[in-house]
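This briefing goes through one protein chain, topic by topic. Please keep the sequence and the structure open while reading.

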Amino acid sequence: MITKEQIIELADEALKETDRFVVDLTVSKSNVINIYIDADSSVTIDHCVELSRFIESSLDREVEDFELSVSSAGIDYPLLKHRQLNKYIEKNLEITNNEGTKKTYKLISFNEEQIKVQEATIKILGKLKKITYSGETELLFKDIKEIKPYINF
């Protein structure tokens, strides 16, 4: 059976010396492998293809068959690594706490234990949205269930 650790090791080797990194990875019992990557800059389709080809060339389908999918952690995908937050400084995030309450905040800064944010109040004025921000507050990561980029249409 192909292991998660084996795939992480291959992905880390392939992404070494790039600004790309693995955000999430799953390997099912039937060897369906899903890898989500992100970057400090951006992820292109070519980056996903490159990683997919590297992993495929490192595994032997004759020994064990597998299905592999490599994609970017898209805008609707939760931010799972602290490193991902760097791209969202001074931008809006949708944060759900452990009780299930979802609010919009502007990210000010973060460290390993907490994030500093300003709560956003969104007022809809006809077809326009006006966003105002309150004072800074700190949220502990242990109290946060999910962080996603705020998508403003």
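Glu-90 sits in the loop between β3 and β4 (92-97). The model is a predicted one, and the protein chain averages a pLDDT of 95.

**Residues with positive phi**

- Glu-90 is not a glycine, yet its phi is positive, at about 70 degrees.
- With a relative accessibility of 48%, Glu-90 counts as partly exposed, because the exposed class begins over 50%.
- Glu-17 also has a positive phi, of about 70 degrees, and is not a glycine either.
- The loop that holds Glu-17 runs between α1 and β1.
- Glu-17 is exposed, since its relative accessible area is 79%.

**Lys-4 and its surroundings**

- Lys-4 belongs to helix α1 and is partly exposed, with a relative accessible area of 39%.
- Leaving out residues up to four places away in sequence, Lys-4 touches Leu-25 and Val-27.
- Lys-4 and Ser-28 are 24 residues apart along the chain, and their C-alpha atoms are separated by 9.1 Å.

**The sheet of three strands**

- Three strands form an open sheet in the order β1-β2-β3, and the pairing is mixed.
- β1 and β3 are the edge strands, each pairing on one side only.
- On average, neighbouring strands in this sheet are turned by 20 degrees against each other, direction ignored.
- Seven bridges link β1 and β2, which pair in the antiparallel sense; Leu-25 stands opposite Ile-35 in β2.
- Helix α1 packs on this sheet and touches β1 and β2; the direction of α1 makes about 160 degrees with that of β1.
- Helix α2 packs on the sheet as well, touching β1, β2 and β3, and its direction makes about 150 degrees with that of β3.

**The sheet of five strands**

- A further open sheet has five strands in the order β7-β6-β5-β4-β8, with antiparallel pairing.
- Its edge strands are β7 and β8, and each of them pairs on one side only.
- From one strand to the next, the twist averages 40 degrees.
- Strand β6 (residues 114-125) is joined to β7 by 11 bridges, and the two run antiparallel.
- Leu-125 stands opposite Leu-128 in β7.

**Nonpolar cores**

- In soluble globular proteins, nonpolar side chains tend to be buried together.
- The largest nonpolar core here has 19 residues, and those with the most contacts inside it are Ile-7, Ile-33, Ile-35, Ile-37, Leu-51, Ile-55 and Leu-59.
- Two or more residues of this core come from each of α1 (4-15), β1 (20-27), β2 (32-39), α2 (45-58) and β3 (67-72).
- Helix α1 gives the most to this core, with five residues.
- Beyond its neighbours within four places in sequence, Leu-51 is in contact with Ala-11, Ala-14, Leu-15, Ile-35, Ile-37 and Val-70.
- Another core, of 13 residues, lies apart from this one and includes Tyr-88, Ile-115, Val-117 and Leu-139.

**Confidence**

- Of the residues in the protein chain, 99% score a pLDDT of at least 70.
- Confidence is lowest in strand β7 (residues 128-140), with a mean of 93.
- Confidence is highest in strand β8 (residues 144-149), at 98.
- Where pLDDT is low, the predicted coordinates should not be read in detail.

Note on methods: Residues are numbered from 1 along each chain as its sequence is written. This is a predicted model: local features need pLDDT of at least 70, side-chain atom pairs count only at pLDDT 80 or more; totals for chains, interfaces and linings use all residues. Side-chain values use heavy atoms; hydrogens and water are left out. A nonpolar core is a set of buried Ala, Val, Leu, Ile, Met, Phe, Trp, Tyr and Cys residues joined through side-chain atoms within 4.5 Å. Buried means under 20% relative accessible area, exposed over 50%, partly exposed in between (1.4 Å probe, protein chains only). Helices (H or I, at least four residues) and strands (E, at least two) are DSSP runs, numbered from the N terminus. Contact means heavy atoms within 4.5 Å. pLDDT is the predictor's confidence in each residue, from 0 to 100. Two strands pair if DSSP finds at least two bridges between them. Axes are lines fitted to C-alpha atoms, for helices over the stretch in contact, and angles run from 0 to 180 degrees between N-to-C directions.
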